[in-house]
2 protein chains.
Amino acid sequence: MSIIVLGTVALDSVKTPYGKRVHMLGGSAVHFAMSARLFAPVNLVAIIGEDFPKKYIDFLHQKGLILTSLIKERGNTFKWEGEYEGDLNTALTLNTELGVLSIFHPQISPQQRKIKYIFLANLDPDIQRHLLQKMSSPKLVGLDSMNYWINHKRRALLRLLKEVDIYVANDQEARSLSGENNLLKAAKYLYNCGPKMVLIKKGEHGVLFFAPKFIFSLPAYPTDKVVDPTGAGDTFAGGFMGYLAKVNKINPITIKKAIAYGTVVASFNVEGFGIERTANLTLKDLRNRMKRFKKCILF
Amino acid sequence: MSIIVLGTVALDSVKTPYGKRVHMLGGSAVHFAMSARLFAPVNLVAIIGEDFPKKYIDFLHQKGLILTSLIKERGNTFKWEGEYEGDLNTALTLNTELGVLSIFHPQISPQQRKIKYIFLANLDPDIQRHLLQKMSSPKLVGLDSMNYWINHKRRALLRLLKEVDIYVANDQEARSLSGENNLLKAAKYLYNCGPKMVLIKKGEHGVLFFAPKFIFSLPAYPTDKVVDPTGAGDTFAGGFMGYLAKVNKINPITIKKAIAYGTVVASFNVEGFGIERTANLTLKDLRNRMKRFKKCILF
C-alpha cells in the first residue's frame, strides 16, 4: 500500500563532534520518506522555496518518491541550524528560518486522497489537520509533533490527537504534554487524549509502545557510531509506517515487527550526517542488521 | 550453588513523592540478598552496629540468609538518608553516617572461602579486594562500585577490575569511569580495564551487557508504579548472580536469562519502599511476571 507523508523538506546545517554540514537535504518528510521508501511507495506533501537545489529534487526523484505534491513557492526553503554536544542526545537549535513554510497550504490530487497510510510529520497542527480532512479513507494515521506546538498550539494539537490512530512522540514531548514523568503514565495519559496507540521514542534508549491491549518495549540497536542523530525519530516513524503499509495488516504481531524495523533503520540514520547513510540503504541491509539486532535482544 | 555477597547492611531513611520511611532495613548486601535468595543460598558478609534492631536480624534469619559473617561491632550501623523527586531516577543523598563501616574487616569461615559465586557489592575497593583474596575457587566474581570510589579510590578500583569477571555499573558510573558518553563505547572501555564482561544498568531504561563475543540489551519491565528505586541495582545484581549460581553454567544463553531475571526482580523492588516488596516475593511471582515481560519485549 502507498503512504502519504506531510512534513518539512529542509536545508539543514548541523554541527556534531564528528564534523559539520551546511544546507544538506533534511526535514521531517525527507527523513521519513528515506526510510519508508524501502517498504512502500511514498508520496511527499511538502513545500520548498526558489533556493532549493535542483540536485536535491533529482535525488528525491531518483529515490522513487512521488513528488506531485511537493510544491515550490516564491521565497526561501525552510532552514534549520543545530548543534549536538556530548552525548548527542539533545539538539541545540541555533537558528530556524521558516521561509515558505509560513505560507504552506498542502494540496493533493484526487488519487492521493484515497491513500490509506498517512503520516503527519512535525508541522503546525492546523496544517496537519487540514491535510487529514482531505483524506477519504484512512486506515492508519500517524502523528508526530514537537515541543514548539505543544507549547504554542496545545489546543489544536489536543483536538488533532482525537482524530489519529497513533501518536508518535519523543520522551521529552510525552512528558511535557502529559505532565507525567513516568513514561508509562505519560503514554496512558496521551492515550486518553484520543489516539488508539501511543509510541514514545526514547532516543538511545529505544521505544515504548502503549495500547490498552498490549505494551511493547524495545531498546535501541546498540551502536557506538553516533555521528548525527538528526531525523532519527522521523526515520524510525518511516520504517514503522512503511512496514505496516507493506504488510497492510495492523495487529500486535505486525506492530511489534514494525517497531523493530523502525528501530533498525533509525540505527543507520544516526551513523551518518542527515540522510547520508539512509539514502543508499536497501531492504537487504535492514534484514541483515535485523538478524544482529535479534541476537542482541532476544533470549 | 551458594553465593557470597560482601556489602553494606544499612538503616535507610528515604523520602519519595509516595511517602517516607525512617531507619528501614537496607544496604547493598541486603537488597542483593533479598533477590538472590530466590535462587540460591546466600552468605552475607557485612557489619552492623550495636543499634541494629534485633527484629531485623530475626527477619534476615527468617529469609534463610546465612549470617555467620555478619559481624556486630561497637558503634552505630551505617545510615543513609536520601530523597527522590520528579522522575525518581536520581537519589539526592541528604546524609551518610558511616558508623562501624569505617572499621570493617570482613571475616569468613574456611567453608565460605570455597564458595564459587562471589558478589562484591558497593564498598571501599580495598575491602572488596581483601575479601576476594580470601576466596579459594571463584567461578564468577561480580563487582559493583559507585561514584564516590570512582572519584576517591580510582586506582584501587582499576586494580580490582582486573581481578573480576563482571563489572556491574550504572550508566552514570560507566560514563564517569570511562570518560565516554556513548554507553557502548563506555562498556568497551571498561572491558579493556580487565573484567571479562560489563553490565551497565540504565535504571528505567534497562541494561546493556557487553562481552567481546556478544552484546545484549534489554529494556526495563514497563511499570508506572515506581515508589522507591533505592536498591534496584543491587536487586538486579542479586537476580542476575542468583540465577547463574542456580544453573551453575555461564554461557550466552544463561547470561541472557540471568539478565532477564535480574530485570524482573528489580521491577518488584521499585514498587515498594526498601525491601517491602521483595521481602515476600516467591520464585512463582517472578515467573509470572517474566511471562508478562516476555510479551512486552519479544517479537
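Helices, at least four residues long, and strands, at least two, are DSSP runs numbered from the N terminus. The structure discussed here is a predicted model.

Q: In which helix is the place of B:Arg292, and is the residue buried, partly exposed or exposed?
A: B:Arg292 belongs to helix 11 of chain B. A residue counts as buried with 20 or more other C-beta atoms within 10 Å of its own and as exposed with 12 or fewer.

Q: What separates the C-alpha atoms of B:Arg292 and B:Pro110?
A: Along the chain, B:Arg292 and B:Pro110 are 182 residues apart.

Q: Which residues of helix 11 of chain B make the contact with helix 10 of chain B?
A: Helix 10 of chain B contributes B:Ala260, B:Tyr261, B:Val264, B:Val265 and B:Ser267. By class, the contact has seven nonpolar, one polar and one charged residues. From helix 11 of chain B come B:Leu286, B:Arg289, B:Met290 and B:Phe293.

Q: Which element supplies the largest share of the side of chain B that touches chain A?
A: In this interface, 27 residues of chain B are in contact with 27 residues of chain A. Helix 8, strand 13, helix 10 and helix 11 of chain B each supply at least two residues of the chain B side. The largest share, four residues, comes from strand 13 of chain B.

Q: Which elements of chain B do the buried residues of helix 7 of chain B pack against?
A: The buried residues of helix 7, which spans residues 171-178 of chain B, are B:Glu173, B:Ala174, B:Arg175, B:Leu177 and B:Ser178. After this helix comes B:Gly179, with a positive phi near 75 degrees. The buried residues pack against helix 5, strand 10, helix 8 and strand 11 of chain B.

Q: What is the radius of gyration of chain A?
A: Chain A has 11 helices and 13 strands, and 51% of its 299 residues are buried. A compact globule with 299 residues would have a radius of gyration near 19 Å. The value for chain A agrees with this, at 18 Å.

Key
Residues are numbered from 1 along each chain as its sequence is written. Chains are lettered from A and ligands numbered from 1 in the order in which they are written. This is a predicted model: local features need pLDDT of at least 70, side-chain atom pairs count only at pLDDT 80 or more; totals for chains, interfaces and linings use all residues. Two residues are in contact if their C-beta atoms, placed from the backbone, lie within 7 Å. Ala, Val, Leu, Ile, Met, Phe, Trp, Tyr, Cys and Pro count as nonpolar, Asp, Glu, Lys and Arg as charged, and the others, Gly among them, as polar. The radius of gyration is taken over C-alpha atoms; the globule rule is 2.2 Å times the number of residues to the power 0.38.
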